[in-house]
Amino acid sequence: MKAFTQVTGIVAPLDRANVDTDQIIPKQFLKSIQRTGFGPNLFDEWRYLDQGFPGQDYTQRPLNKDFVLNQEPYTQAKILLTRQNFGCGSSREHAPWALDDFGFRCIIAPSFADIFYNNCFKNGILPIQLTEEQVENLFHLVTENKGFTFTVDLESQTIKAGDESQSHLLDEIKFDIPAPRKSSLLKGLDEIGETLVHSDVIRAFEEKYHSANPWL
């Protein structure tokens with residue numbers, strides 16, 4: 001997976017609570033397991049005015065111009081700001097795939113569904129949990145200053161204004177993250193990748209074990 005160290009980008013405000021995984025990527029798009037190509041169908045039922053289906057030419061579909069990700073400059077957003085219980089519902093890993101394929105590297109919310117939260121780390125996305133009050137303040141900031149950018153730094157665990165000229169509008173925010181998750185993201189390793197780091201040790205053990213137990 002992609003390592004995460006720091007990202008600077010436009011913040012898209014998705015002012016909705018309890019966004020479930022079927023809203024993030026509807027069920028009809030789950031046939032593929034390629035991890036890519038899901039970006040155009042992220043929030044499909046909110047982004048388009050017609051019914052979406054796999055293989056459709058999304059460039060010809062009618063857009064819902066009221067939806068935030070169809071508005072400039074949010075079409076280029078890298079950071080998603082949203083409300084509580086983001087990613088609830090079924091445990092489909094396609095949800096972080098779609099967010100990543102659109103271009104999001106970081107999601108900020110007061111709370112996340114547990115399985116979705118864990119799936120983000122496995123796919124190189126940083127989910128940041130802040131207080132309700134902090135998130136509310138950030139919503140006011142980014143809606144009043146359209147196109148506002150954040151710099152999210154994982155090493156220092158901080159959020160600050162991405163543009164130095166706007167730093168007076170946002171005091172640096174510290175966020176918490178479990179140490180093992182932080183380490184994995186910085187190295188760009190999921191559980192399988194972490195295991196393969198020790199492949200030489202594992203292989204040596206297997207060879208020794210089979211030599212001592214040739215009947216197995």
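Two strands count as paired if DSSP finds at least two bridges between them. Helices (H or I, at least four residues) and strands (E, at least two) are DSSP runs, numbered from the N terminus.

Colleagues, the model before you is a predicted one, in which local features need pLDDT of at least 70 and side-chain atom pairs count only at pLDDT 80 or more, whereas totals for chains, interfaces and linings use all residues. Residues are numbered from 1 along each chain as its sequence is written, and side-chain values use heavy atoms, with hydrogens and water left out.

Strand 1 (residues 6-13) runs parallel to strand 2 (residues 79-81) over 3 bridges, and Ala-12 has Leu-80 of strand 2 as its bridge partner. Strand 3 (residues 106-109) and strand 4 (residues 126-129) are also joined in the parallel sense, over 4 bridges.

The loop between helix 4 and strand 4 holds Asn-123. Is Asn-123 buried or exposed? Asn-123 is buried, at a relative accessible area of 8%; buried means under 20% and exposed over 50%, with partly exposed in between (1.4 Å probe, protein chains only).

Next, helix 6 (residues 179-187). Its buried residues are Lys-182, Ser-184 and Leu-185. Seen down the axis of helix 6, these fall within an arc of 165°, so they line one face of the helix; the arc is that of the directions from the helix axis to the C-beta atoms. The face turned away from the buried side carries the exposed residues Ala-179 and Pro-180. After helix 6 comes Gly-188, with a positive phi near 70°.

I close with the largest pocket. A pocket here is an open set of points on a 1 Å grid over the protein atoms alone, where a 1.4 Å probe fits, with protein on both sides within 12 Å along at least five of seven lines; lining residues have an atom within 4 Å of a point. The largest pocket has 14 lining residues, and Phe-29, Gly-37, Asn-41, Pro-54 and Gly-55 lie nearest its centre.
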